[in-house]
Amino acid sequence: MLLSEKFHVYMKIIIAGAGEVGFHLAKLLSFESQDITLIDTDKYNLEYADTHLDIRTIKGDATSIKVLNDAQINGVDLVISVTSSETTNITVCVLAKQLGAKRTVARISNTEFLENKDEIGFKRFGIDELISPEALAAKEIKLLLDQSAFNDTFQFEDGALTMVGFKLSRNASFVRKSVKEAAEIFPEVHFVPIAIQRFSTQYTLIPRGDTQFREGDQVYFITTQDGVEELFKLTGKVKQDIKNIMILGGSKIGRRTAKDLSESKFNVKLIEHDKEKAFDLADELPKVLVINGDGRNVELLEEENIHDMDAFIALTGNSETNIMSSLVAKSKTVRKTIALVENMDYFQLSHSIGINTLINKKLLAANNIFRYVRKGEVVAMTKLNNMNAELLEFIVNPSSKVCNKKIKNIDFPRSSIIGGVIRNGKGLITLGDFRIQEGDRVVVCCLPRSIKKVEKLFL
């Protein structure tokens with residue numbers, strides 16, 4: 001999904017829905033000094049957004065043509081509809097396109113729409129992109145299980161380059177070594193560190209050659225397929241095959257995750273509290289063992305052999321239940337725990353409370369939508385979990401300032417780093433003498449203050 005080069009440095013954006021996805025999106029975009037209008041029927045949500053963000057708010061129904069015209073919809077660069085109602089979002093996008101909006105994005109919950117989007121042809125109705133927070137969360141969970149030793153992961157171009165994040169344990173071979181010394185352990189470099197968060201701080205470093213790794217650091221690397229194995233060795237982590245999985249909660253995400261995992265040869269048990277829902281799930285998911293019971297009951301978890309599980313994934317609608325049950329699973333020696341949290345404040349706790357990974361579907365959705373707003377030819381984007389750094393993938397145009405230049409001769413801000421380059425579908429870890437060419441996909445990690453400068457290099 002490419003962004004048009006013709007987008008101005010300054011984009012006019014309308015967001016329908018001031019809930020958590022809409023607010024978080026507006027917050028990300030307001031850092032960018034974009035011209036943002038937020039529409040919602042809830043006065044409290046709008047007042048909160050108005051006092052915390054530098055944006056324009058309109059109280060009203062976004063499916064009203066009058067409200068859209070008041071928001072000056074004609075000629076607007078992007079309309080993003082992320083209310084909790086799928087029908088509203090589809091209607092808003094259809095109307096917006098007819099009233100002169102250039103691009104539209106709709107949040108949906110029915111994943112059938114995603115699976116059949118080419119057949120239905122949503123673009124004909126005026127909807128350019130569909131975003132499903134549930135589908136994104138299910139995809140994230142599967143990726144985390146595939147890279148089970150790591151607590152955060154993101155793939156570029158189907159794994160040509162992969163970002164992995166993990167906490168450095170005492171037995172990691174490069175603790176107390178500098179980045180340069182660590183690189184010398186493996187002369188064939190297949191990975192590069194792109195960000196470090198020091199233990200028990202919220203401070204993000206973009207590493208340089210003399211930056212030292214310390215025990216307890218949360219470190220992010222970009223690596224090729226070969227490099228993943230090297231990282232396992234270097235970090236003192238053992239690649240553990242995950243086979244047996246217990247899922248708590250038959251929510252939309254729980255159902256989707258159970259379906260995807262059971263079709264990928266995992267043994268899946270799903271615990272659902274509601275009896276009728278449990279029967280429906282059992283009919284719908286023949287490869288999944290569905291159990292009707294309360295997952296907060298430790299006895300039930302023990303009866304269902306929680307100690308034999310390789311992974312425990314808590315996906316109920318209650319963040320506290322998910323966190324507590326994941327901690328119980330951890331105490332029963334389950335190797336990998338993933339908890340869904342709705343509350344953004346809990347997100348900060350992930351590495352300190354002992355759960356491997358907390359995921360927030362709204363944050364995933366907002367980050368996914370956010371890449372459509374990027375300038376330059378941005379094709380992928382993720383925010384590093386719980387850190388103020390972003391990972392961006394750019395396509396190099398003939399007119400880009402970086403085109404045909406060696407990396408060491410490019411005026412990159414110190415608070416940014418090239419993680420790697422994808423050329424003709426192959427992931428490459430690049431050093432200073434590497435020359436960037438037209439058509440290369442360049443993965444860059446940067447702190448917010450350097451994003452604008454980095455984007456200009458790729459325009």
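Visitor: Is Leu281 buried or exposed?

Guide: This is a predicted model, in which local features need pLDDT of at least 70 and side-chain atom pairs count only at pLDDT 80 or more, while totals for chains, interfaces and linings use all residues. Residues are numbered from 1 along each chain as its sequence is written, and side-chain values use heavy atoms, with hydrogens and water left out. Buried means under 20% relative accessible area, exposed over 50%, and partly exposed in between (1.4 Å probe, protein chains only). Leu281 has a relative accessible area of 0%, so this residue is buried.

Visitor: Where does Leu281 lie, and which residues does Leu281 touch?

Guide: Helices (H or I, at least four residues) and strands (E, at least two) are DSSP runs, numbered from the N terminus. Leu281 belongs to helix α12 (residues 275–284). Contact means heavy atoms within 4.5 Å. Leaving aside residues up to four places away in sequence, Leu281 touches Gly250, Arg255, Leu270, Glu272 and Val290. The C-alpha atoms of Leu281 and Gly250 are 7.5 Å apart, although 31 residues separate the two in sequence.

Visitor: How many helices and strands does the protein chain have, and what percentage of its residues count as buried?

Guide: The protein chain has 17 helices and 22 strands. Of its 459 residues, 58% count as buried. Among contacts with a separation of 6 or more, 64% join residues 24 or more positions apart.

Visitor: How is the span of α11 to be read?

Guide: The expected span of a helix is 1.5 Å times one less than its number of residues. Helix α11 (residues 252–263) has 12 residues and reaches 17 Å from first to last C-alpha, close to the expected 16 Å. Its buried residues include Ile253, Arg256, Asp260 and Leu261. Just after α11, Lys265 takes a positive phi of about 70°.

Visitor: Which other residues have a positive phi without being glycine?

Guide: Gln72 has a positive phi of about 55°, and Asn305 has one near 60°. Gln72 is in the loop between α3 (65–70) and β4 (78–81), and its relative accessible area of 45% makes it partly exposed. Asn305 is in the loop between α13 (298–303) and β15 (311–314); at 32%, Asn305 is also partly exposed.

Visitor: At what angle do the axes of α8 and α16 cross?

Guide: Axes are lines fitted to C-alpha atoms, for helices over the stretch in contact, and angles run from 0 to 180 degrees between N-to-C directions. Angles under 35 degrees count as roughly parallel, over 145 as roughly antiparallel, 65 to 115 as roughly perpendicular and the rest as oblique. The axes of α8 (residues 133–146) and α16 (residues 361–370) come within 8 Å and cross at roughly 100°. The two helices are therefore roughly perpendicular. Pro133, Glu134, Leu136, Ala137 and Glu140 in α8 meet Lys361, Leu364, Ala365 and Asn368 in α16.

Visitor: How many disulfides does the structure hold?

Guide: A disulfide is a covalent bond between the sulfur atoms of two cysteines. Here the criterion is a pair of cysteine sulfur atoms within 2.5 Å, and a search of the whole structure finds 0. Cys445 is in no disulfide; the nearest cysteine sulfur, that of Cys446, is 6.5 Å away. Cys445 counts as buried because its relative accessibility is 0%.
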